[in-house]
Amino acid sequence: MADTPPSQRPPSHARTVGIASAIWGASIFLSRIMGLVREQIIGRTLGASRQADLYFASFTLPDFLNYLLAAGALSIVFIPIFLKYLQAGDQCRGWEAFSVIANFILVVGTLGIALMMIFARPLAEIIAPGFTAPAEIETLVRLMRIILPAQFFHVLGGLLSASLMAQDRHALPAIAPLVYSGCIIAGGLFGAYHPELGAEGFAWGVLAGSILGPFGLPLYGCLRTHMRWFPIFSFKNEDLRRYLVLSLPIMVGFSIVVVDEWIVKNQASYLAAGALSYLQYGRTLMKVPIGVFGMAAGVASYPTISRMVAAGDVVEAYRVLARAVRLMLVAILGAQVCLTLAGFEAVYVIWGLFGSRFTAADAQATSGVLVFLSLGLGGWAAQTVISRGFYALGSTWLPTLVGTGITIAMIPLYVVLRIHFGADGLAVASSMAILVYVFLLGWLQRRRFDREAAERGTSLSGVPGMLSAALRLAGAAAIAIGGGWAIRLALLTVLPGVDAVSLLGRGAVLCGAGLGIYALAARLFGVSELADLATMLTRRLRRKRA
């Protein structure tokens, strides 16, 4: 048989994942940078004030609606449905599946938004019971009613993005969050020149951004791929039923992955003004490495893992998934080292430098919260990849049930730690909850893939898992943080100020020294993924030079 010309060969799984990872990695990195700019403007405009607390709390109800419609899992649930028809060469049936699901979301989403806007006031008293002043409740209700309709466009946009990703068209879905953040920034800048608006400028930016970014860009991309949106709606449709079956556990379950932030905001409403803002600003910084390393790996690898599972190659699917987690943990725990050692410097440069609303005391409180939030950084990043392994197998119930069980068990911990340790206690509870969840989920996933492999006459024997590398990397990170704190104490006597030069100098030295110790300790612990990551980066640099 003649060899297939190179130009006609399909791209390898590694190359497909690599290209998608590069697109999503760049997008999420830029999105997180824009997110920091957005939060910087919020911090400089609202500071760590009650107005900022109310703005952050106003997202809880819209996020709940988004969660009920399984918007966060639309790509996970819909991609396998759509791929089935694409691989069979039946695009028309694929768009029929899209249409019946989109029309269901249209009806349910519109009804949900209408009901929540009508009952926004009593719902506000539930989601943030610590806000009791009438003016605070009035502001919270007004902000929620502006932001709620944005979820309609987020959910439909998620389905449109999933359609593009199933066709390995990642560019427009990846750009959409950048447009979204840009609109929020524009709304905030407008509000900065009109102080009477308070947080409303940001809220209107959220609504405009959801229309133009998450909805508008994927819609344009789908239209270019000859999308067809049929006026069909039937609960008898097998694709809608499959979507509902796979989404149901996500809709009705309350996994710690989503509910953690709701619990933190609920409990933080009982604390002094600014506490909720400290937690939110700290979480914003933490989300940068989670997005760049965790979400990029999960989003990029999921279509490939799904194809492998569909083809019956579950051993290779697990190998790809486990390696993605290990490589991601190398980077994410390095980020934890930097955030822990240079958190104050990062916080003050972003929110306090050249500003007056966010003080050095605010930066100190935020960086203290960030240290405890960062304890769970590896768990937050790993779950974005591990959960997709279950979804590729068509198992959405198990991750949700495990997450819901941990949520119920951990709620008393949030309350007790909030009472005794305030915002720091809530950060510790958050980290403990996600680490328990991800360790249990990773163990269950190995068992599930092993069982699937056995049913196909193969085995995961000899396939490296995730736990050993995770523990060795955590040990290396702990050593780096311990050594870095000693360096920090000495450095503060040399560069004690909060001017730009002192902040950037301390941050660079602390992050560089911490990463050096981390890399050395990881190598001594025999973490092979460190060398693999270095090799991958070297190859990419050589390709760019060539």
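What percentage of the 546 residues in the chain do buried residues make up? Buried residues, meaning those under 20% relative accessible area (1.4 Å probe, protein chains only; exposed is over 50%, partly exposed in between), make up 55% of the chain. This is a predicted model, in which local features need pLDDT of at least 70 and side-chain atom pairs count only at pLDDT 80 or more, while totals for chains, interfaces and linings use all residues. Residues are numbered from 1 along each chain as its sequence is written, and side-chain values use heavy atoms, with hydrogens and water left out.

**Figure 1. Overall fold of the chain.** The chain has 21 helices and zero strands; helices (H or I, at least four residues) and strands (E, at least two) are DSSP runs numbered from the N terminus. Among contacts (heavy atoms within 4.5 Å) with a separation of 6 or more, 84% join residues 24 or more positions apart.

Figure 2. Val107, Val108, Phe233 and Phe235 make a nonpolar patch of about 360 Å². Val107 is found in helix 5 (residues 91-118). Areas follow the Shrake-Rupley method with a 1.4 Å probe.

**Figure 3. Second largest cavity.** Two cavities of 30 Å³ or more are found in the whole structure. On a 1 Å grid over the protein atoms alone, a cavity is a set of points where a 1.4 Å probe fits but cannot get out; lining residues have an atom within 4 Å of a point. The second largest cavity has a volume of about 40 Å³, and its lining includes Glu261, Lys265 and Arg283. Helix 13 (275-310) gives the most to this lining, with four residues.

**Figure 4. Second largest pocket.** A pocket is an open set of points with protein on both sides within 12 Å along at least five of seven lines. The second largest pocket has a volume of about 550 Å³. Of its 25 lining residues, Leu329, Val438, Phe439, Leu467 and Ala470 are the closest to its centre. Helix 19 (467-494) gives the most to the lining, with seven residues.

Figure 5. Leu178 lies in helix 9 (residues 171-192) and is buried, with a relative accessible area of 17%. Leu178 and Gly209 are 31 residues apart in sequence and 9.2 Å apart in space, C-alpha to C-alpha.

Note on methods: Patch = residues over 30% accessible without salt bridge, like charges linked within 9 Å, V, L, I, M, F, W, Y side chains within 5 Å. Salt bridge = Lys/Arg side-chain N within 4 Å of Asp/Glu carboxyl O. Points joined across faces, edges and corners; volume = space filled by probe spheres on them.
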